[in-house]
Amino acid sequence: MRRAAIAVVVALAALKLVILFGTNLLTPYGFHRDELLYLAMGRHLDLWRMDFPPAIALLGQASRAAFGDWLVGVRFFPALFGTLVLVLAALIARELGGGRFAQGLAALCVLANTLFLRSSVLFQPVVLDQFAWALGCYALVLLCKSDELRWWLLLGFAAGFGLLAKFSIGLFGAAVTLAILLTPLRRSLLSGRPWAALLLALAIGSPSLVGQVRLDWPLLGQMADLREMQLARVTPADFALGMLRLGPTTLVALAGLGWLLLARAAQPFRALGWTAVVALALLMLAQGKPYYYGPMYPALYGAGAVFLGRLTAPALAPAVRWAAVLAVILYGGVLLLPLGLPILPPARMEEYTARLGLRQALRTNTGEYGRLPQDYADMLGWEEQVRAVARVYDSLPPGERQEAVIVAGNYGEAGAIDLFGPRYGLPGAVSPAGTYWFFGPGEKPGNVVVSIGVSREALLRYFGDVTAAGAVSHPYAVSEEREVPIHVSKHPRISLQELWPRLAGQH
């Protein structure tokens with residue numbers, strides 16, 4: 001039975017890798033806005049002085065060293081970690097007492113959920129966060145079975161890796177801590193094992209914490225901006241509906257949560273159930289987005305799969321159980337597949353969402369509605385922008401071109417210049433936006449500036465001569481990238497080096 005379960009999980013893991021690599025080879029889309037930023041973070045890597053957890057920057061450097069700027073190569077590590085999440089869901093099901101059916105169902109739920117497909121196909125820290133939570137849940141299940149130092153250290157490693165990847169691991173840490181206090185695991189606090197795990201987590205994640213201290217806690221400003229611009233509109237009803245929109249696998253997760261909290265057979269694993277409940281409550285209180293709870297799903301899939309396996313085992317033959325589950329899960333997975341993988345060209349994707357009435361999938365972070373899901377719109381038009389900037393840059397007299405600085409209005413535009421610019425003979429970009437502000441203004445004073453995505457009104461505050469040099473448009477881009485201006489500015493009133501500190505509160 002164990003060998004058969006391994007074969008099922010390995011087959012599903014291999015299928016996921018094939019799907020992910022095939023998507024990245026054939027996708028009609030390009031690099032995502034956020035991917036451009038994370039690759040830039042790798043080029044500006046300063047491990048102990050970054051405003052963002054540096055794991056994604058480290059992976060960016062590793063992938064570029066191995067594969068260059070090839071899209072498939074850049075997305076290699078997300079595909080790998082996304083597949084490990086699938087495997088961990090199956091392992092959690094096994095440790096909870098599930099056999100081949102439960103392990104296969106847990107893995108299938110990860111494979112069929114658009115949330116885990118999209119996170120695995122984009123070079124973003126989301127998939128690293130999902131991996132850290134899943135690994136932490138796996139360690140917690142093992143601790144419920146055997147209070148050994150090695151499982152505490154595994155939990156500490158998961159938390160430390162999560163801290164190195166995304167600060168949302170703090171939510172997981174708070175949930176696990178309360179779960180431990182509410183269950184017999186609290187007796188372990190009198191020993192040194194949990195404290196060794198905590199020290200390990202802090203040691204691994206220390207670059208993230210040290211960077212915050214040295215930069216005066218930019219996370220607080222980022223969180224304030226996030227609450228004001230995006231989270232203020234999220235209601236409990238939005239949260240609940242958003243979870244249901246993730247497809248039929250959500251029902252498996254809900255079944256798993258109920259089993260962990262109520263079933264006598266799950267009593268030894270109550271700590272996992274309390275972790276899930278506390279994390280959910282904290283997210284709803286903080287008005288988090290539904291996908292923020294996604295990292296908890298693999299563990300709940302494992303529990304739900306065990307419950308369903310036991311529920312149906314006496315009544316249905318294995319073949320009938322598999323057929324019923326496959327019909328429901330795969331129907332939802334295949335129907336929603338274009339929402340998880342960027343496989344349909346923009347025009348067909350627009351038609352797909354219209355036919356299925358998926359208007360909510362077109363809602364942007366700022367509450368507007370686009371023609372495409374925002375992630376897809378954010379994968380369009382970047383190299384076209386760089387080509388347009390290159391034409392303006394090349395049109396400058398040689399003397400001006402030599403001292404020209406390229407300034408971008410946001411990190412997507414700046415990241416595109418940095419990634420694609422060298423093939424067009426462009427210097428790197430500077431930008432006061434977000435993380436790019438920490439990279440600094442460079443050495444040139446800005447006597448001549450070619451800007452993209454900066455309004456004429458903003459430029460006139462700092463330059464005596466501002467000339468419109470063109471614009472770049474894309475019908476399917478997000479609103480701020482749909483008509484992007486390019487200007488050439490001269491006669492600065494202040495050098496970039498003098499200006500930069502004054503922009504500290506605006507980044």
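Reader: Where is W70 found?
Author: This is a predicted model. In it, W70 sits in the loop between α3 (55–67) and α4 (71–74).

Reader: Which residues make the nonpolar surface patch?
Author: L25, L26, F67 and W70 make the patch, which covers about 470 Å².

Reader: Switching to charges. How many salt bridges does the structure hold?
Author: There are 14 salt bridges. One of them joins the side chains of R33 and E481, at 3.5 Å from N to O.

Reader: Which residues are linked with R33 in a network of salt bridges?
Author: The network links R33 with D378, E480 and E481.

Reader: And E35, which side chain does that one meet in a salt bridge?
Author: E35 meets R75, at 2.8 Å from N to O. E35 belongs to helix α2 and R75 to the loop between α4 and α5 (76–95), so this pair ties together parts 40 residues apart in sequence. R75 and E35 are both buried.

Reader: What about E148, what is its salt bridge partner?
Author: The partner of E148 is R150, with an N to O distance of 2.7 Å. E148 is partly exposed, at a relative accessible area of 30%.

Reader: On to the sheet. In what order do the strands come?
Author: The order is β2-β1-β3-β5-β4, five strands in an open sheet with mixed pairing.

Reader: Which strands stand at the edges?
Author: The edge strands are β2 (429–430) and β4 (463–473). Each has a single partner strand, so one side of each has no neighbour in the sheet.

Reader: How many bridges join β1 to β2?
Author: Two bridges join β2 to β1 (residues 404–408), and these strands run parallel. In one bridge V407 is partnered with V430 of β2.

Reader: Which strands does helix α21 lie across?
Author: Helix α21 (residues 382–395) lies across β1, β3 (448–452), β4 and β5 (483–492). The helix runs at about 30° to β5.

Reader: Now L300. Where is it found?
Author: L300 is in helix α16, which spans residues 297–312.

Reader: Buried or exposed?
Author: L300 is buried, with a relative accessible area of 2%. The cut-off for buried is under 20%, so L300 qualifies.

Reader: What is L300 in contact with, leaving aside neighbours within four places in sequence?
Author: Its contacts are V252, A253, G256, L257, L260, A276 and Y293. As for A255, the C-alpha atoms of L300 and A255 are separated by 8.0 Å, and the two residues are 45 residues apart along the chain.

Reader: Last one, G242. Which helix is it in?
Author: G242 is in helix α13 (residues 236–244). G242 is buried, with a relative accessible area of 12%.

Reader: How many Å apart are G242 and Q287, C-alpha to C-alpha?
Author: G242 and Q287 are 12 Å apart in space and 45 residues apart in sequence.

Notes:
Residues numbered from 1 in each chain as written. Predicted model: local features only at pLDDT ≥ 70, side-chain atom pairs only at ≥ 80, totals over all residues. Heavy atoms only, no water. Helix = DSSP H or I, 4+ residues; strand = E, 2+ residues; numbered from the N terminus. Buried < 20%, exposed > 50% of the residue type's maximum accessible area, 1.4 Å probe, protein only. Contact = heavy atoms within 4.5 Å. Pairing = 2+ DSSP bridges. Axes fitted to C-alpha atoms, helices over the stretch in contact; angles between N-to-C directions. Patch = residues over 30% accessible without salt bridge, like charges linked within 9 Å, V, L, I, M, F, W, Y side chains within 5 Å. Areas by Shrake-Rupley, 256 points an atom, 1.4 Å probe, with all protein chains shown as cover. Salt bridge = Lys/Arg side-chain N within 4 Å of Asp/Glu carboxyl O.
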